[in-house]
Amino acid sequence: MSDRAENLARAADILRGAKHLVVFSGAGASAESGIPTFRDVDGLWQRFPPEQFATPHGLIAAATRMPHRAAEFVLALLEPIAAAEPNAGHRAAAALERHTRVTVVTQNIDGLHQAAGSTTVWEVHGSAFNVVSLAGDPIGVVPREQMRRVVADLHQAIEPEFDQAAALQAVRPILSFEPGGGRRPNIVLFTEAMAEPAWSQACAAADECDCMLLVGTSGVVYPAAMLPEQAKSAGADVIAVGPESPGLCDVWLRGTSAEMLPALVKAALGE
Ligand code: NAD
């Protein structure tokens, strides 16, 4: 048996016996849906340093001092998310619910696990589609179709020449600094606390599960990266799927999410 077949068989055995599985996903899980990871070469952080664009104060300062760059950042962040559809990895994770209890804990803000049919999804870094007031009170959910229109309008406001008023109007359904009407997507920026109640639920699931399946996460973004450590020390088996091993795992399935998750589900459950 090759190493790959052996690892797949070991992981399939673990998965078959799982009574409560936590699927813990990171940016890599959505890479094959066309949403680039942030940290990789040419990722978002190369073009838009997070200390300038991805902290609350940084983003407000950028919007005031360099509105054109801030608009380009918002477009670069939201365009791939608005356009995305779930991939075979998201669908395989959803299919696992037919066999055991599954809790999805995701660091992603793209809504793709829910779009693929997963029913219990905790978004610990928030969601691009949930709009809140600047104080954090819920305002509403923007459907993906509306997000696509925001992106199309923002494109028109930026190209061929930047029109600041048109850019502000374009993002108004999701982002506005107007006094009394301020709003933003409920995304956890650097320096902000994890999204609640998602984070508390994710910690409880990590303590309680007997298997954690890591998908497309580097394990360097804290505090989210504590969850696999927590599950491991509470006695769970940890399986990892991705091109690089995140270190702490019992079995590593080397490959992409859309390739390896369906293979794992087929090996474990025959579908
Ligand atoms: P990260 O630190 O979790 O790293 C991504 C991991 O995915 C890397 O280990 C990489 O090797 C792996 N990977 C790449 N392609 C893959 C594939 N096809 N299949 C499986 N694994 C693959 O993520 P990051 O990019 O540094 O992002 C940091 C944070 O930014 C995330 O935790 C998230 O909150 C946010 N983010 C969200 C999205 C999204 O919503 N889709 C995308 C990028 C970043």
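Trainee: What should I know before looking?
Mentor: This is a predicted model, where local features need pLDDT of at least 70 and side-chain atom pairs count only at pLDDT 80 or more, while totals for chains, interfaces and linings use all residues. Residues are numbered from 1 along each chain as its sequence is written, and side-chain values use heavy atoms, leaving out hydrogens and water.

Trainee: How many aromatic pairs does the structure hold?
Mentor: There are 5 aromatic pairs (ring centres of Phe, Tyr and Trp, the last by its six-membered ring, within 6.5 Å; planes under 30 degrees apart are stacked, over 60 edge-to-face, the rest tilted). One of them joins phenylalanine 48 and phenylalanine 73, edge-to-face, at 5.5 Å centre to centre with 65 degrees between the planes.

Trainee: Are phenylalanine 48 and phenylalanine 73 buried or exposed?
Mentor: Phenylalanine 48 is buried at 4% relative accessible area, and phenylalanine 73 is buried at 5% (buried is under 20%, exposed over 50%, partly exposed in between, with a 1.4 Å probe and protein chains only).

Trainee: Which residues form an aromatic cluster?
Mentor: Phe38, Trp45 and Phe190 form one.

Trainee: Changing topic, in what order do the strands of the open sheet lie?
Mentor: The 6 strands follow the order 3-2-1-7-8-9 with parallel pairing. Strands are DSSP runs of E, at least two residues, numbered from the N terminus, and two of them pair if DSSP finds at least two bridges between them.

Trainee: And which are the edge strands?
Mentor: Strand 3 (121-123) and strand 9 (251-254) are, each pairing on one side only. Strand 3 pairs with strand 2 (residues 101-106) over 3 bridges, and valine 105 stands opposite tryptophan 122 in strand 3.

Technical notes
Helices (H or I, at least four residues) and strands (E, at least two) are DSSP runs, numbered from the N terminus.
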